[in-house]
Amino acid sequence: MQFTLLEVTHEGSLREIRVESSGMYIVGVGAAYPDTELTGEFLDSLGLHLTDAERGILARLGIRSRRTSLPLDYISATRNIDLLEARTRAAMSPTDLGVLAARQALERAGITIEQVGLVVADSATPYQTCPAEAHRIAGAFGVKVASYDIVAGSGAIPLYIEMLSTWKQERIPDYVLFVSTNTPTQQVSYKGSALAPYVFGDAASAVVLSSRHNGKLKVIDSYLRKQGELKPVVAVNHHMAFAAEHLPHDAEVVNLVEQGLRRLSEKLSLSTRNLVLVGPQLFYGDLTANSERLGVSPDRLAVGVADVGYSVGASIGVAISSRWDQIGEGQQIVVIHTGDGLWSGSILLASE
Amino acid sequence: MLHILGMGTCHADTVITNKFLEELDIGTNAQWIEEKIGILERVSTLPLDYIRETRNQDPRMALDVASMTPTDMAVRAAQDAIAQVGIAPHDIGMVIVNSCAPAQTVPGEAVRIAERLGSSAVAFDVVTACPAFALHVDFLRNYEESKLPEFVLCISTAALTQHVNYNDRSDGAIWGDAAAAWIVSPVHKGKLEVIHSTFTADPTRCGAVVVDTFGFFKQDGRAVRDFSVRQTVRLIKAIEENYPIDWNRDVFVGHQANRTMLEQVTNNRGIPESNHWHNVTYLGNQAGAGSAATLCENWDKISPGQNIVVAVVGAGLSWGSLVLRAKVP
């Protein structure tokens, strides 16, 4: 399927570029996070004692504040050692957050849940490992619909878009709802010295995709590749673990984003002048610090972590959602993702 | 057309007999278990002493004493399947895994398994519950075949005895720990070709069967059993209406929930015992691994031209079906 991209030239005029696209549209995006803010001051007051090196890492992540579904007095009093107790005190479950994000995505898509033919969900912090999170979310809507989880950590949304772009048309329902929802603060230990309390925040995001109905953003190009060996930055068994020693250097992150942008430029003759960059959300600070080198000004860096905290697979969707209402004609959005040793890739989205 | 080229399994090594459960003195006995669910033995990754002494009252402790994790079992099953097909881990281009009680949620089970196998394939979890065999095959049929790699490794693994409350007289009798793996190819012809697949769900009944991440398995037993029998029969009927199924030649493989439930299904559809393959009697309900493990164990019995009818139902509530036709030389 051919699609026309509009590029702003050096002279400020518009240039048309004809490209092949996947025929897939993002018709709605939504995000949700709890009301309670988990500030740095509050965390400092718990006596968590970050080292200078750890504060340097936090600056690389660019996380200023975060949201939590737990009451602050509960965190102060208990440091969240008992994970089962946390659930009884939490204002919201991952499913609750997922439903809120899904509602916003459906509303923005202008459709009802009954029009959705497949619900897919991802959660790093499910209350139950069976049934699937997708079953609980669809169940909360009260619909009978094909549903299952595809769990892919921080790369969930890029994987979903890439995946659907490679499916047979006749096997794709009219609308597919993807939800990534995480409540990591319910699994963070707020005791001792560690980065995890400063990194994670609770959030969900949802994306409605269609290959039959036009939407605000067309998927022009998607690309995923396996990346290196497994060095997980985030690990979840009981408590959330954040392995800063596995973080790539800032130069590696910037190189990867540069390569992604260059690949799209060479393939589609694009420039970075009129695009919004949804970069690897865990490295928002690195992206801001290197915006000049990347050729993307800080105001065109979409962010899903700075005031919400890192919410694993949900963060990319939170970033896209934050820009949804400002997307205008000819707008291009580049999603460049790097996982924790899993895969990296890029997606080019453009509005018609 | 997708083909299943080979399969592998791994079962836990500790046998839990009905007599052992009777000796826990929790209001059950061997005769009641046999009559009610038709399971004589099941296998567990937990030591018998641990079950006897703690009744697994804190499932978070179970992993500390377990002989294998779901990942360990999955790796062994995958190695079996890879060896059977005669390929190497680096030949695999995609790994998808179902685990309804993973020991760790991130990185995903598929990523950890691929790493252990030495595969650099793209790996992610595709999760439902017991109907995983049908879901994975149906999921792969969504892809343009040219977009799939030559070899896809599918795995379902579960160690649900680690989530059983052994003070409950029913739950302890049901579960067995196992993994099953199967290798699918859009390019290479194998023993079985996929001629039919379905998967769907009724999430309005998602509370009927649950496994708490840090806690126990729980289910509304009677409602789930009745639904499972009815839905399995419906799935088989739909296949009978659309394909030339001959139960004197073809074979039925169901979800290995319990033996009495499977007998109700086969009695309803007139499926002779000789053409009903099952392993629940001595291995217990192996969740999403059960149906694939059963087929794997009967791999050498598959005859040319035979249809393998798979109909599976589970948590979600979700269900799916497959018709796999054996290659005629």
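**Figure 1. The loop that holds V312(A) in the predicted model.** V312(A) lies in the loop between α11 (291-294) and α12 of chain A; the model shown here and in the following views is predicted. The phi angle of V312(A) is near 50°, a positive value in a residue other than glycine. Most residues other than glycine have a negative phi. V312(A) is buried, since 29 other C-beta atoms lie within 10 Å and 20 or more are needed for that class.

**Figure 2. The contact between the two domains of chain A.** Chain A is divided into domain 1 (2-21 + 217-351) and domain 2 (28-210). Taken over C-alpha atoms, the centres of these two domains of chain A are separated by 20 Å. Domain 1 of chain A brings 43 residues to the contact and domain 2 of chain A brings 49 residues. On the side of domain 1 that touches domain 2, the elements of chain A that give two or more residues are β11 (217-226), β13 (240-242), α10 (284-289), α12 (315-323), β15 (332-338) and β16 (343-351). Of these, α12(A) gives the most to that side, with 6 residues. By class, the side of domain 1 of chain A has 25 nonpolar, 14 polar and 4 charged residues.

**Figure 3. The contact between the two domains of chain B.** The domain assignment of chain B gives domain 1 (3-185) and domain 2 (192-326). The centres of these domains of chain B, taken over C-alpha atoms, are 16 Å apart. In the contact, 46 residues of domain 1 of chain B meet 45 residues of domain 2 of chain B. The elements of chain B that give two or more residues to the domain 1 side include β1 (3-11), α2 (30-37), β6 (152-158) and β7 (178-185). The largest share of that side, 7 residues, comes from α7(B). The residues on the domain 1 side of chain B divide into 26 nonpolar, 13 polar and 7 charged.

**Figure 4. The contact between chain A and chain B.** Chain B supplies 42 residues and chain A supplies 45 residues to the contact. On the side of chain B, at least two residues each come from α6 (109-117), β5 (122-127), α7 (132-141), β8 (192-201) and β9 (209-212) of chain B. The largest share of this side, 5 residues, comes from β5(B). By class, the side of chain B that touches chain A has 24 nonpolar, 10 polar and 8 charged residues. Strand β8 (residues 146-151) of chain A pairs with β5(B) in the antiparallel sense over 3 bridges. Within β5(B), D125(B) is the bridge partner of V151(A).

**Figure 5. The largest nonpolar core and the surroundings of A180(B).** The largest nonpolar core has 227 residues, of which Y160(A), L177(A), A78(B), V95(B), A180(B) and A181(B) touch the most other members. Not counting residues up to four places away in sequence, A180(B) touches M7(B), T9(B), A77(B), S156(B), A289(B), A292(B), A293(B) and C296(B). In soluble globular proteins, nonpolar side chains tend to be buried together.

Figure 6. A cis peptide bond with omega of about 0° joins C130(A) and P131(A). P131(A) is placed in the loop between β7 (128-130) and α6 (133-141) of chain A. In chain B, the peptide bond from V106(B) to P107(B) is cis, with omega near -10°. P107(B) belongs to the loop between β4 (94-98) and α6 of chain B. N56(B), not a glycine, has a positive phi of about 55° and is found in the loop between α3 (48-54) and α4 of chain B. N56(B) is buried, with 22 other C-beta atoms within 10 Å.

Notes:
Residues numbered from 1 in each chain as written. Chains lettered and ligands numbered in written order. Predicted model: local features only at pLDDT ≥ 70, side-chain atom pairs only at ≥ 80, totals over all residues. Contact = placed C-beta atoms within 7 Å. Helix = DSSP H or I, 4+ residues; strand = E, 2+ residues; numbered from the N terminus. Nonpolar A, V, L, I, M, F, W, Y, C, P; charged D, E, K, R; others polar. Pairing = 2+ DSSP bridges. Domains from an automatic or database assignment. Core = buried A, V, L, I, M, F, W, Y, C linked by C-beta atoms within 7 Å. Buried ≥ 20, exposed ≤ 12 C-beta atoms within 10 Å, placed from the backbone.
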